[in-house]
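Trainee: Could you take me slowly through the sheet in this model, and through what packs on it?

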Amino acid sequence: MNSFLGENKSVLILADGGLPSLLALAAARESVAAGGAKGEASRKASRGPGVLYMPGGDETNHLRRTAVERPAALLEIERVDAAAHGELRGPGAHGTGQADTMRLIAAAYVAARHGYEIVVWPVQFGGTGGLDTPDIDRIARTTDRALLVTRLVSLDAEEHGKPGIRVESPYVDFSDRQIADLALDMSLPVETCWWWSEGVPQGGSRTPLADSELERWTAALREVGWTRGREAGVAR
């Protein structure tokens with residue numbers, strides 16, 4: 001499921017404040033905890049997991065940034081300062097091919113400069129809205145993009161010192177239902193996601209996109225047994 005787990009390598013999660021990135025953060029944290037329990041050899045990983053906020057360039061940026069910072073603090077995951085890396089803003093709208101490529105390249109170089117070996121890009125296109133029909137084209141393009149960025153950034157290994165760095169998209173073919181099932185199993189605090197109603201700043205207003213995402217994910221969560229009272233904290 002999560003190919004980045006159990007390798008005793010340092011991991012940087014690219015987070016946008018959504019449920020898949022929250023899942024990746026929690027999975028990375030649990031992997032470190034499990035590895036530490038296995039003995040001295042497992043405790044010698046170069047560093048613990050980190051998180052890098054990936055700005056989307058729209059009106060949800062403030063909510064997304066807060067939604068990344070809150071679980072990172074709960075999980076005691078190191079935050080890499082995105083403000084120091086203006087190149088992450090990249091051209092184009094969030095989600096376009098050009099923007100994804102430019103931001104992913106920039107993030108991979110940031111990861112290498114900070115000593116991380118695996119970059120986790122937790123996007124998923126395995127089916128939404130109760131339909132488990134995968135978007136084959138987007139899955140293929142995402143997988144290819146991650147592979148090609150890996151190769152590109154590795155060309156400069158002599159400069160950044162991480163020849164084995166790679167980009168992974170472990171949830172790319174997961175459906176909403178599968179993400180929700182894992183979130184429920186791990187007792188993730190879904191109320192920390194950017195689209196949750198309590199995440200709107202005082203005096204602020206919800207956006208149509210937030211409403212759409214709230215409906216999308218609460219529907220998926222209910223399908224796997226979640227109820228409004230089950231958004232308990234993440235287990236350490």
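Mentor: Strand β1 (residues 11-15) runs parallel to strand β2 (residues 50-53), and the two pair over 4 bridges; strands here are DSSP runs of E of at least two residues, helices are runs of H or I of at least four, both numbered from the N terminus, and two strands pair if DSSP finds at least two bridges between them. Within this pair, I13 has V51 of β2 as its bridge partner. This is a predicted model, in which local features need pLDDT of at least 70 and side-chain atom pairs count only at pLDDT 80 or more, while totals for chains, interfaces and linings use all residues. Residues are numbered from 1 along each chain as its sequence is written, and side-chain values use heavy atoms, leaving out hydrogens and water.

Strands of a sheet pair through backbone hydrogen bonds, either parallel or antiparallel. Here the open sheet has 5 strands in the order β3-β2-β1-β4-β5, with parallel pairing. Because β3 and β5 (166-168) stand at the edges, each with a single partner strand, one side of each is left without a neighbour in the sheet. From one strand to the next, the twist averages 30 degrees; such angles run from 0 to 180 degrees between N-to-C directions, with axes fitted as lines to C-alpha atoms, for helices over the stretch in contact.

Helix α3 (residues 97-113) packs on this sheet and touches β1, β2, β3, β4 (118-120) and β5, where contact means heavy atoms within 4.5 Å. The direction of α3 makes about 150 degrees with that of β1.
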